[in-house]
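Here are my notes on the model you sent. Please read them beside the coordinates.

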Amino acid sequence: MAGLRDLTIRQLRALAALSANGSVTAAANKLNLTQPAVTLQLRNLQDLAGLPLLQRTNDGMLLTRAGQEVLELHERIEAAISACATSLDMIAGRTGGRVSIGAVSTAKYFVPFAIAAFSKLHPKIDISLSIGNRQEIRQALRGYELDFAIMGRSPPDVEVETHLIGDHPHIIVAPRGHWLAQDFGLAAVDLTHETFLTREQGSGTRMLMEQLFEATELQPTIGMEMSSNETIKQAVIAGLGIAFISAHTVATELEDGRLVALDVAGLPVVRQWFVVRRQDKVLLPPAQAMLDFLRAEGARFLPGAHAKQL
């Protein structure tokens with residue numbers, strides 16, 4: 001512990017660059033340093049830690065468990081530096097502060113509207129929004145670069161604080177004029193011969209769809225896998241199949257009639273939207289204000305057009 005008090009930010013950044021890029025050469029290029037300089041920083045950091053931080057493998061240089069602990073220290077320190085810079089800018093009157101938000105891809109259909117409303121109330125606050133898939137946002141939340149994230153399920157391996165925004169319904173959609181569109185009270189078995197267009201393995205929507213299939217013993221034909229809700233929507237509109245999808249992603253298409261929601265027993269499957277933050281992430285006043293706004297007002301920005309179709 002005494003040794004770690006003498007570490008430097010340069011040493012930590014060398015470790016982070018190596019972890020991100022897989023080799024000393026790539027880390028040196030990233031940091032605009034020579035390879036010997038990076039090697040020296042890593043050797044000195046390892047001496048201070050008193051444990052091996054790196055392990056050479058066929059896949060490159062990987063961090064040991066001790067290395068992962070030191071890397072997490074780096075993330076906390078970088079977050080603290082960023083927070084301090086924001087505080088100094090606020091004190092100097094140069095800015096109203098910054099907020100960094102992450103959101104899973106399905107949330108992009110309402111989060112920008114919430115941000116726009118908040119920005120009208122706080123025009124001097126700069127807001128950064130990162131959109132990614134569930135795994136990307138979970139990984140970002142494990143670090144400290146995000147103030148909070150908007151998602152359905154938080155990482156199981158991080159202590160977090162969650163605040164409910166509202167319901168997140170999932171439905172099955174078909175193209176306009178589909179032969180089942182006018183039928184009511186359909187059972188899952190009625191979809192046996194339909195082709196489902198799906199999200200990729202590991203996505204939250206895909207997992208929820210598979211749970212529905214298992215619960216109803218439905219074994220439909222699985223067509224193309226796609227990594228984008230937008231692509232799935234266009235494929236359904238084109239008549240390539242039907243899809244189990246978030247109602248929030250198809251609100252506009254349902255309203256203008258390009259898609260129809262099938263009336264299937266057990267649907268919609270309703271999950272929830274949450275604002276999720278690490279418990280040990282200290283929020284500066286701008287981020288806390290945004291969090292409070294989402295807790296109080298977030299539900300009114302959720303698309304509601306799906307209700308007209310169900």
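Which elements cover the buried residues of α3? The points below start there.

1. **Ground rules.** This is a predicted model: local features need pLDDT of at least 70, side-chain atom pairs count only at pLDDT 80 or more, and totals for chains, interfaces and linings use all residues. Residues are numbered from 1 along each chain as its sequence is written, and side-chain values use heavy atoms, without hydrogens or water.

2. **Cover over α3.** The cover includes α1 (9-21), α2 (24-31), β1 (54-57) and α4 (65-92). Helices (H or I, at least four residues) and strands (E, at least two) are DSSP runs, numbered from the N terminus. Contact means heavy atoms within 4.5 Å.

3. Val-38, Gln-41, Leu-42 and Leu-45 are buried in α3. They sit on the same side of α3 because they cover an arc of only 95° around the axis. That arc is taken from the directions from the helix axis to the C-beta atoms. Pro-36 and Asp-47, on the other side, are exposed. Buried means under 20% relative accessible area, exposed over 50%, and partly exposed in between (1.4 Å probe, protein chains only).

4. **Record annotation.** An unreviewed UniProt entry places "domain: HTH lysR-type" at residues 7-64. UniProt positions are given in the numbering used here, feature names are shortened, and annotations may be inferred rather than shown by experiment. Over residues 7-64, the chain is 62% helix and 14% strand. The end C-alpha atoms of that stretch are 18 Å apart.

5. **Main core.** The largest nonpolar core has 34 residues. Such a core is a set of buried Ala, Val, Leu, Ile, Met, Phe, Trp, Tyr and Cys residues joined through side-chain atoms within 4.5 Å. Ala-107, Phe-148, Ile-150, Trp-273 and Met-290 have the most contacts inside the largest core. Elements giving it two or more residues include β3 (98-104), α5 (111-121) and α10 (285-297).

6. **Met-290.** Setting aside residues up to four places away in sequence, Met-290 touches Val-99, Ile-101, Ile-115, Phe-118, Ile-127 and Phe-148.

7. **Second core.** A separate core of 20 residues includes Ile-172, Ala-181, Phe-196 and Leu-262.

8. **Gly-241.** This residue lies in the loop between α8 (229-237) and β9 (243-246). Why is Gly-241 counted as buried? Because its relative accessibility is 12%. Beyond neighbours within four places in sequence, Gly-241 is in contact with Pro-175, Thr-195, Leu-197, Ala-235 and Val-236.
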